[in-house]
Every structure is written in C-alpha cells, then in structure tokens.
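Thanks for coming, everyone. Have a look first.

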Amino acid sequence: MFRKELTSLMKKQYFPVNKTAGRVVIKGNWSLDEDQAHPSSGTDDLDPCFPSLIHNLQLIYFPIQCRLLVRLVQEYGVKKWAFIASLIGRRIGKQCRERWFNHLRPDIKRDAWTLDEEIALVEAHSAMGNRWAEIAKRIPGRTENSIKNHRNTTWRRQMNKRKS
C-alpha cells in the first residue's frame, strides 16, 4: 500500500524544472506556482519531517517516506537498514538510519535545552572532547547530531561576543 503511494508521489513533479533542458533544477528558489504545487505548501512549520528551503533531491524526505520509514522500523527493527531502504526506494541504508536516529526516533527531545543538560554537555565535552556518541550517552533524549550542533553554535556565539 505505502509502496504504491510512494511510487506515485515520487513520479509527480514537485521540483523546479528547467524547461529547455527538461531536467530538475537542483539549486535556486521556488517560484510562487511551484510553491503552491509543493506537497507541504504552508505546512512546513507543522511537519518536522519535511525540511524547508532544501532543493537538493537527495536531502528531501517526503512525509510519506517518513511515515513509511517509521512503520518499517517498527516492523523490522533498527538493524536491517539496507533492507528497509530497498523497501522505501531511492534511499540507501545509511540515509534511512541517519533519518531515524536524528529525526524520527520517538524518544528525541526537541524542546529547549535545560540548565542540567547544558552543564552535562560542558562537563562531558571537557572530559571527552569531541566524542559526540559518548557524550550523547550521558544526555538522554538528545542525538549526537543535536549535541554537536548545539555545542558548536553556543561556542561560536561566545567567541563572537568576546571579539566584539
């Protein structure tokens, strides 16, 4: 059922097309018509599964792909990524694994960082350095990627304040 929906969705034209070359334009802005034809037009803020302003075909995950990925992980577990990717189509196992662990896992915290988490991050980073996987084990609910991004942006902000 999902396979048919996904196939029909992927065949539809949701990307800017260069009319003369007849191919998909990878970079550039959406026109108003293309934005209205876009499957998640107006709902980007509501759907965390569809990244806004990303025009690279390899990076875009359609909401139906995300729902399918969640169902397949529930059915087959978090070990058979190549098999799950073959069922989704147009994805490889690494992409599916990273999408699951960084965005779709149900236990991921998406709210603001607490003071306890900030302190744990500073202590863990000073003890372990840039071993994000090890640090993530000490801060439950946060992904390695979100920890790394949070630490680097916080550090960058502090460095910019010192320069000013």
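Which residue lies over the face of Trp-113? Arg-142 does, at 4.6 Å from the ring centre. A charge counts as over a ring if NZ of Lys or CZ of Arg is within 6 Å of the ring centre and within 35 degrees of the ring normal.

Some ground rules. This is a predicted model, where local features need pLDDT of at least 70, side-chain atom pairs count only at pLDDT 80 or more, and totals for chains, interfaces and linings use all residues. Residues are numbered from 1 along each chain as its sequence is written, and side-chain values use heavy atoms, with hydrogens and water left out.

Contact here means heavy atoms within 4.5 Å. His-150 sits in helix H8, residues 144–163. Helices are DSSP runs of H or I, at least four residues, numbered from the N terminus. Is His-150 buried or exposed? Buried, with a relative accessible area of 16%. The cut-offs are under 20% for buried, over 50% for exposed, and partly exposed in between, with a 1.4 Å probe and protein chains only.

Now the cores. A nonpolar core is a set of buried Ala, Val, Leu, Ile, Met, Phe, Trp, Tyr and Cys residues joined through side-chain atoms within 4.5 Å. The largest has 13 residues; Leu-69, Val-73 and Trp-81 are among those with the most contacts inside it. H3 (63–76), H4 and H5 (93–104) each supply at least two residues. H3 gives the largest share, five. Val-73 touches Val-78, Trp-81, Ile-84 and Trp-100, not counting residues up to four places away in sequence. Another core, of nine residues, lies apart from the largest one; Leu-121 and Trp-132 are among its members.

Next, H4, residues 81–88. Its buried residues are Trp-81, Ile-84, Ala-85 and Ile-88. Just after H4, Gly-89 takes a positive phi of about 85°.

Last, a record. The unreviewed UniProt entry annotates "domain: Myb-like" at residues 67–104 and 105–155. Such annotations may be inferred rather than shown by experiment. In this model, residues 67–104 are 79% helix and 0% strand. The end C-alpha atoms of that span lie 9 Å apart.
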